[in-house]
Amino acid sequence: MSTSWFIIANPISGNRNFSKQWKEIQQLLNNKKIDFSFAFTKFSKHEIELVDTAIQQGFRNIISIGGDGTLHNVVNGIMMQRYAKTSDITIAVIPQGTGNDWIKTYNIPNNVKKAIEIIHKKNIILQDIGVLETDNSTVFFNNVAGLGYDGYIVNKLKTLKSFGSLAYILSGIAGLLFYKKTVFKIIFDDKILETNCLMTVFGICKFSGGGMQFTKNVNSTDGLLDVTIAKNLNILDLILNLPKLYSGKIVDHKKLETYKTKAIRVVPKTAKPFIQADGEVIGTGEVQVKIIEKAINFVVTN
Ligand SMILES: Nc1ncnc2c1ncn2[C@@H]1O[C@H](COP(=O)(O)OP(=O)(O)OP(=O)(O)O)[C@@H](O)[C@H]1O
């Protein structure tokens, strides 16, 4: 097995000059004597194929250069391949994206030089991975997934990408104005809840939507999904509680319920809202979500 790193870089992630960044990254890796091979993604979800080939060739250490979308696809490639146990594989991230929510849970700075120092130290955590099944697909997630308002925003974000970080705010405003709540039937453990719902969120890590926190007491290695059911929240509630969306205090709001569980099913009754996983639109309608405890190693700050 190779101890060398295989880099998968998304040249279109973020809004920085990638070829300049790539030169700097290679230089910094060489300075630290970190041995690597690399490939650039040429189309959306190309990461999955590149990971598959790298693992087949014997690589067990993968660096994802990009944003949350790139990392999400690298994780999916690892979970879908059949050559190695996923817990024998390690992922490190050199952030390039505009949002980069996964790195925030582990205090990995959005800075190439510091990210490479962290890779050099190679402190690892064996993290849980979520499994989300829709009517016609199975997708893995490493950060946060959900359906309803958050799915609407992620979908809107695609069309507003050119606005950079402002796109999150614009999408949020569009959601406030146009998103219509749906009745969700939510089934988990011995419970069945039926409620008008703004969104239901499934967390492994803490942050989504560009730094917002909707989940409570997150633990990324306990084998449990941190579920938040945001019920009848309205526009005014969201606007008045804006700072709490970022501080995480929103989970104490009386219109929110939080649970920890291993598996959950959500059936929207009155519409087919968008489903998102790690900031990527996965589909619409009903979802079934499970968790795989301690599935992949990630390089994190210590
Ligand atoms: N060469 C490519 N051409 C088009 N799409 C690509 C290419 N390479 C990767 N992608 C896709 O780009 C998507 C978005 O990338 P990513 O999320 O990493 O960047 P970002 O949007 O800038 O960052 P963030 O999500 O953190 O804001 C991913 O779904 C990925 O599959």
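I started with Lys20, which sits in helix α1 (residues 18–31); helices here are DSSP runs of H or I with at least four residues, strands are runs of E with at least two, and both are numbered from the N terminus. This is a predicted model, where local features need pLDDT of at least 70, side-chain atom pairs count only at pLDDT 80 or more, and totals for chains, interfaces and linings use all residues. Residue numbers run from 1 along each chain as its sequence is written.

Is Lys20 buried or exposed? I get exposed, because Lys20 has 9 C-beta neighbours inside 10 Å. The cut-offs: buried means 20 or more other C-beta atoms within 10 Å, exposed 12 or fewer, partly exposed in between, with C-beta atoms placed from the backbone.

Next, backbone angles. Lys45, in the loop between β2 (36–40) and α2 (46–56), has a positive phi near 70° without being a glycine. Lys122 also has a positive phi, about 50°, and lies in the loop between α5 (112–121) and β5 (124–133).

Of its 79 residues, Ile8 and Ile62 touch the most other members. I found that strand β18 (residues 287–299) gives the most to this core, seven residues. Domain 1 (2–122) and domain 2 (133–292) both contribute, so the core lies between them; the bounds come from an automatic or database domain assignment.

Note on methods
Core = buried A, V, L, I, M, F, W, Y, C linked by C-beta atoms within 7 Å.
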